[in-house]
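Please look over the two-chain model shown here. The report takes the chains in turn and then their contact.

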Amino acid sequence: MAKVFIYPATSLILSDLVARFGHKPLGAALGIRERIQTAGVDSPPLQITPEEPKRGLKYAAVEVPSGVRGRMAIYGPLIEEAEAAIIVTDADLAFGCMGCARTDELILFSLRQKGMPILELKYPTNEEEGILFVAAVRKFLTSLPEEGEA
Amino acid sequence: MNRKVRIAQLTCGAEYSGVQKEIYDAAESVGAEMFFPDIALADVERAVKAFGLDVRSADLKLMIARGMALVEGKVEADGVFIGTCFRCAEAAIVRNELRRYIPENSKLPVVSYSFTERTTSGTLLTRMEALTTIARRRALLAREEQTGITMGVDSGSSTTKAVVMKENKIVGTGWLPTTEVIKSAEGAVAQALEMAGLARENIQAIGTTGYGRFLIGKHFGADLIQEELTVNSKGAVYLAGHQRGASTVIDIGGMDNKAISVIDGIPGTFTMGGICAGASGRFLEMTAKRLGIDITELGPLAMKGMGKNVPMNSYCIVFGTQSLVNALAAGSSPEDVAAAACHSVAEQVFEQQLQEVDIKEPVIMVGGTSLIEGLVYAMGQLLQTEIVVPPYSQYIGAVGSALLASGFVQEK
């Protein structure tokens, strides 16, 4: 089983595809769940406190907007943990959305810097492209090491 | 109990900056509630296209779509809070355009703010309070004449001012530096009452404003405790004799500055703050001290000098002071230094704040710094307009409070 970072990190479809092929999807659900389940934090709706943008300083300098650093505090550790990544560009908002274009740039750069296997795909716009899209994802995921191999 | 004022939140990055709770807390403390306008996903792309600003960040697209839904009346709100991350250029463009678009196309009061993770509910409180007041107290703000005997007290960060008004006339004024908040207020009130020849029991209603408004409001049993944005707008147009139509009010305070676009005496859009004390009256106080003169002498001195002769940038009060020291050490005249300090403060306010409101004439300058004629001149030069400084402009908050407090006279 490989730990696969998904982009957009909020994509339930990507998360589901990765899990179906026996790998662990690393995305928003994981990062946010950890915060929601942290007892004693009262900062609805995402339980992100002003501490997160400070932790985000590990990934982006202080002159980078706080929203980018706050997001990086969630996604940065997941990127560090990742062994592979699937990146879908030009995705429809309904497919998954990260909200901030500057964070997107930094996340994609950080992923590409890691030198790990990455599948980059354009979001399909018709059925034919959709079939090719799923086939490419499947091929990529099956090529990743399975449980015990990683 | 009044129903809660509903403030539509158009923000990008608030949750991830960890300030969403601060926004909720600020709203709750003034009896308001924040809500995110609900829109369909399909409306987002349509709205962005119709608005014509092709941004990349999805949360900014959402902001645009929500702003348009408010203007089109698809979602109802009493006021709008627009906020984005400080230092984000893409977001600043959207924030600025929405801040312009919404009041131009609707009657909704708007406040905009750029936050960092250090933004607290306290920082947002005055802005939220102003939004709530405009929505909830339109009838009170419509008051154009003072009746009965009322008193206004403005507990500012630098000075405390008190005014006694009787039948639409100012009959007593008091002024003291703010040290101990209640003690300073008591002193200013005593001065104003003495000048008016009246006693406390003659006062029919009291209004308080400024940073210490809650404390002194409780102390004096005030009928009206009101933030300075609405009070100053009201006071400014009242004293300037321009209660109807559009105007712009600028108040360069001791700690922060206010720029308010006013329509019929009611704030439309406003900004409050400033990056550093270098753009506030505090820097002028420091300049006067360094020149060895009283603050009241700074304005006339500046009028004799040429600001262009001295390089000065008071973006930061520390570096601004350094420029001041360097200029004097290099042999610049006190007149030129005074003029440069006034120009620098005016320029900071112009660049940082006046870009956030629509400047409409007349431009009315109020507050203690409006008495520094060098500063008023510099602002007039930057805005290319003649600035109006009404009589009693330094007492603006107290006058506005006394005027609005008279709305409570008949109730008694």
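This is a predicted model: local features need pLDDT of at least 70, side-chain atom pairs count only at pLDDT 80 or more; totals for chains, interfaces and linings use all residues.

## Chain A: order of elements

The C-alpha trace of chain A spans about 45 × 35 × 30 Å along its principal axes. Of the 150 residues, 42% count as buried. Contacts also reach across the sequence. Among those between residues at least 6 apart, 60% join residues at least 24 apart.

## Chain B: domains

Chain B is divided into three parts: domain 1 (5-136), domain 2 (143-229 + 396-408) and domain 3 (242-389). Domain 2 is written as two segments, 143-229 and 396-408. The C-alpha centres of domain 1 of chain B and domain 2 of chain B lie 34 Å apart.

## Chain B: Lys21

Lys21(B) sits in helix α1 (residues 20-29) of chain B. Is Lys21(B) buried or exposed? Lys21(B) is buried, because 20 other C-beta atoms lie within 10 Å, and the cut-off for a buried residue is 20 or more.

Ile64(B) is 43 residues from Lys21(B) in sequence. In space, the two are 23 Å apart, C-alpha to C-alpha.

## Chain B: α9 against α15

Helix α9 (residues 228-239) of chain B packs on helix α15 (residues 396-405) of chain B. Their axes are 7 Å apart, at an angle of about 90°. Angles of 65 to 115 degrees count as roughly perpendicular, so α9(B) is roughly perpendicular to α15(B).

From α9(B), the contact uses Glu228(B), Val231(B), Asn232(B), Lys234(B), Gly235(B), Ala236(B), Tyr238(B) and Leu239(B). They meet residues of α15(B), including Ile396(B), Val399(B), Leu403(B) and Leu404(B). Gly397(B), Gly400(B) and Ser401(B) also belong to the α15(B) side. By class, the residues of this contact divide into eight nonpolar, five polar and two charged.

## Contact between the chains

How many residues does the contact take from chain A and from chain B? Chain A gives 24 residues and chain B gives 23 residues. On the side of chain A that touches chain B, the elements giving two or more residues are α3 (51-55), α4 (66-81) and α5 (101-113) of chain A.

The residues of that side of chain A divide into twelve nonpolar, six polar and six charged.

Conventions: Residues are numbered from 1 along each chain as its sequence is written. Chains are lettered from A and ligands numbered from 1 in the order in which they are written. A residue is buried if 20 or more other C-beta atoms lie within 10 Å of its own, exposed if 12 or fewer, and partly exposed in between; C-beta atoms are placed from the backbone. Two residues are in contact if their C-beta atoms, placed from the backbone, lie within 7 Å. Domain bounds come from an automatic or database domain assignment. Helices (H or I, at least four residues) and strands (E, at least two) are DSSP runs, numbered from the N terminus. Axes are lines fitted to C-alpha atoms, for helices over the stretch in contact, and angles run from 0 to 180 degrees between N-to-C directions. Angles under 35 degrees count as roughly parallel, over 145 as roughly antiparallel, 65 to 115 as roughly perpendicular and the rest as oblique. Ala, Val, Leu, Ile, Met, Phe, Trp, Tyr, Cys and Pro count as nonpolar, Asp, Glu, Lys and Arg as charged, and the others, Gly among them, as polar.
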